Amino acid sequence: MDDLDIEEGSDEEVEQMTAAEALAMVEKAWLNEKFSPELLPHKQDLVDVMLDQLNGMQENISRAKKGDLKASIHKMEIDRIRYVLASYLRIRLEKIEKFVHHLLEEEAELGEDVPSRMSPEELQHAKNFAANMETLFNDVVLRHMPRNLKKLEGSKVAASPNKDSYVFLQVQEQVDQVMVDTAGDQGDEAIDLEKGSQHIMRYRVVAPLINNDAVTLI
Amino acid sequence: MYGEKAVELIRQLHRSPDGSLPPFNEDGIRQVLEEMRVLFEQNQADVNKTVDGAPGLFPGVQLRHAALERNKRCLLAYMFNRMERLRAMRWEFGSVLPPDIKYNLSEQEIQWFSRYNKSLAAYMRSIGGPSGGGLDLTQDLKPPKSLYIEVRCLMDHGEFETEDGTILLLKKDSQHFLQRSQCEHLIRQGVLEHIL
Amino acid sequence: MFVTDIRKEFYDKVVHERVLVLVAFDVDALCACKILQYLFQCDHVQYTIVPITGRQELENAFLEHSEQVKYVVMINCGGNINILETLQPAEHVIFFIADSHRPVDLVNVYNDDQVKLLMPTTDDFDIPAYDDLFKDDESDDDSGNESDSSAPSGKRRRLDEEVLERRRERRLWEEKRKQILLDYEEFSTYGTSSAMIMFDLAWKMSKDSNDLLWWGIVGLTDQYINNRVERGKYMTDVGDLHKHTLRLNHRNEDDDNTVSVDCMRIYFDEELKLALYRHWSLFESLKHSSYPACKFKMWTVKGQQKMHEFLADMGLPLVQVKQKFTSMDMGLKESFKGLFTASCEKYGLDDISFGSFIAQYGYKNKLCAADVVYAVNGLMECVEAEKSATGYFLEALDCLSRQNVKKLLRGLDLAKRQLTTIMQTVHSFIDMKQIISAGPFLYAYIPEGHPDVKFFSRPNCLGMLAYFMQEAYVATSRSRRSTLLPMVVAAPLNAETGSALVIGIPPKAEESTKNFFGRAFEQAAIQTNSRTLHDNFDTSIIEMKSEDRSKFFDALISLLS
């Protein structure tokens, strides 16, 4: 990335940051999403800004002359950023589709002012997906079942994220007194996470830390 | 034995290799549903008798109910796993299914597929806001290594127009050096093979 | 026209363009193609590669792919045919031709705009002067006058001296032109390997590496193994490549500079004329290599005894000799080469070794150039029905890459089968005395119905058979004249259409690779009205209807005696 093709993030929603910082954030969000078992809050603004940049770069390149080495390097960079973005959104979509019942239930329980994990578009897709699935099941089998079994009862059969799975993480900011329950009978134990250290921990324990950027998953 | 047919359905799906879809077993599903109907009627009769005071029928009712639940679970699992595979195919082949796969689908599954397509397309279009123009998530499935890659044509595909407007003929056993982004979907369709 | 600065006049021209690369079916072309691919990939030159078996396919491929293509590179094809006339290209299309076939078509040589020949100027072309071949417009008017003047009867008598004189001159000039063309096109032969030319280009661009050098070496070795280059020329080219080898493999011997075993190392070595012995057993290799096999006359009992004696003389136990070379006793393996050359001298096999190269990478892979040529050839001319001919072409192209060693190993096995079939065919032909001295040339016909006959439907394999047969015949024949005879071999090509593949090779005694059969075949076909197809880029290989064979050969005999 350099100053040639990318102007400063012009979007008002994202406070002043350079393109390089935005890219770093996208990459971090991508990795976190990739390694966390559950869906993390969406970063729609970031995605929008990045896409904007991409389109700008694309235009700049189309002006460059044929066979310019700089153009092909920039093009490569575009491809890589696009891959990160697409992969990030793809992973989210996969999780949304997989845990659709769980997520929609969670959504229903949310208070008015609590932000959703999904972006409005993602939510729409999740609703479509759930409805679509239900139609399919109803039409083919449920409709023909005895009357006390006609309901889908999604919560009984649907998958939900395993928050007890273990994740690799790197500490970005010092966090003290993180409660970790040990396997034995000693009960919980508090540990301090030193900045820069790396750990393997259960996801449930560190989930809140990811959201405020204190740790990143690797 | 109760539930045997339902398990057979699951086995059938399980046996078929990943990435393929065996024909929709409508007959099998009908048989399971029929079994469920019989079970349910027996249960009803027994429940009515119990209400009328006949003793000792309750364990039988419970057993049948468990079998009913199990059958339901199996049918749903069958449907769900087929749906999952179908979903994977959307990502692999794009919005148009190859005819040999379509042949193995039930009417309802085809409907599901087109609705899924629609929802996904709407979502992908919406990425990047109203002005962003969307992002095709089914592209860029693999991390890019280089801008250009060498590909080999595995079948006669006919003419192919690249982004910059040049037309080239993709003929079996010809070998090309192309921009990766342009031929990615052809590689996934099996028209081209990426040579390392 | 000939390109003098290959980098400026060829590479810099195509570097930002789309290029169509047409590649002929031989190992040298494959190697050249590999080098070019590497260069193009470095500079993001978009290209399309199409394998080409013959003239007909060249035309088809050009027609199909020519849309929007401005630059066409041809490797080992197209040089000896009139490109502009054959392909009728649009005026903006430019052809770059790296072709080792000689003679180069003269229109190609003298076309300055559309045809660029990538051939080293050091090659001996003997191109006739322009003025001897082409007359300018003035004389064209003359010929116009000629026909005009015959029409009005009144004027005919008034033809003055000058016109007569000019006509006479023109007739003379035309006769002379005909003679020059005849001389120029009399022999078909081969020039510098295309792989060498491409490696030279890579070197001039400072993009040469051991991998590219190896392809250059294999290309050159292909020419040598298949008798397409004279020994002197081969030695000069080997000398050239040897210098590159030293330069690219120059390392200090101290520990700090040792490189990982995975890196490729190439070094020059004297190589024995024993095909594939590192991947076979010594015994088998001796039996299947034409030079020792013919020297010992391996097909006789006496010859077999002599070979055993030879092995005993070397001090190699038969048990060792008959097992895989890799499994031989370490001690024997190391001292084997010295022992072998010493014994060879004693037994009159003076010519057993030639200068060649060996490449090594990893612990397992040690390959000599000649074996690679056999393997690539084996793969390229594989006759199994699993894939099409072009499919095997691509397999062969793949196996040249270092990461595809497995494919190369398969090629080695296929090559062994080729050699076994060749050896068996030669033995049975000698035993049954089926190689006939037809007068001006030796002649052998491989009958249909033999299970292995399909091997010989491929030009290169048929060529190997022809040379082996000739050598074997000369070795058994008592007459001295046999060394002076060229040879023609015919084999069935396609049983359904009843066609045969015919190849002609120059006499054994002849040091040069000059081959006059191209012209002779053409003449014989015209005289007898035989249905022949001169599709191969090597004019001494033709296809014909099997039914026409006898009258064709009668004509060929009378033509050459």
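Q: Is the crossing of helix 3 of chain B and helix 5 of chain B left-handed or right-handed?
A: This is a predicted model, in which local features need pLDDT of at least 70 and side-chain atom pairs count only at pLDDT 80 or more, while totals for chains, interfaces and linings use all residues. Residues are numbered from 1 along each chain as its sequence is written, with chains lettered from A and ligands numbered from 1 in the order in which they are written. A crossing is left-handed if the near helix is turned anticlockwise from the far one by less than a right angle, and right-handed if clockwise. By this rule, the crossing of helix 3 and helix 5 of chain B is right-handed.

Q: How are helix 3 of chain B and helix 5 of chain B oriented to each other?
A: Their axes, which are lines fitted to C-alpha atoms over the stretch in contact, with angles from 0 to 180 degrees between N-to-C directions, come within 11 Å and cross at roughly 45 degrees. Angles under 35 degrees count as roughly parallel, over 145 as roughly antiparallel, 65 to 115 as roughly perpendicular and the rest as oblique. Helix 3 of chain B is therefore, relative to helix 5 of chain B, oblique.

Q: How many charged residues are in the contact of helix 3 of chain B with helix 5 of chain B?
A: Two residues are in contact if their C-beta atoms, placed from the backbone, lie within 7 Å; helix 3 of chain B contributes B:Arg82, B:Met83, B:Leu86, B:Arg87 and B:Arg90, and helix 5 of chain B contributes B:Glu109, B:Trp112, B:Phe113, B:Tyr116, B:Asn117 and B:Leu120. Ala, Val, Leu, Ile, Met, Phe, Trp, Tyr, Cys and Pro count as nonpolar, Asp, Glu, Lys and Arg as charged, and the others, Gly among them, as polar. Beside six nonpolar residues and one polar residue, the charged ones number four.

Q: What pattern does chain B follow along the sequence?
A: Helices (H or I, at least four residues) and strands (E, at least two) are DSSP runs, numbered from the N terminus. Chain B has seven helices and five strands. Read along the sequence, they give the pattern α-α-α-α-α-α-β-β-β-β-α-β.

Q: What is the radius of gyration of chain B?
A: The C-alpha trace of chain B spans about 85 × 40 × 30 Å along its principal axes. The radius is taken over C-alpha atoms, and the globule rule is 2.2 Å times the number of residues to the power 0.38. A compact globule of 196 residues would have a value near 16 Å, whereas chain B has 25 Å.

Q: Which helix gives the largest share of the side of chain B that touches chain A?
A: Here 33 residues of chain B are in contact with 32 residues of chain A. Helix 2 (26–51), helix 3 (58–93), helix 5 (107–126) and helix 6 (129–132) of chain B each give two or more residues to this side of chain B. The largest share, eight residues, comes from helix 5 of chain B.

Q: Which strand gives the most to the side of chain B that touches chain C?
A: This contact takes 15 residues from chain B and 19 residues from chain C. Strand 1 (148–153), strand 3 (167–170) and strand 4 (175–179) of chain B give two or more residues each to the side that touches chain C. With four residues, the most comes from strand 4 of chain B.
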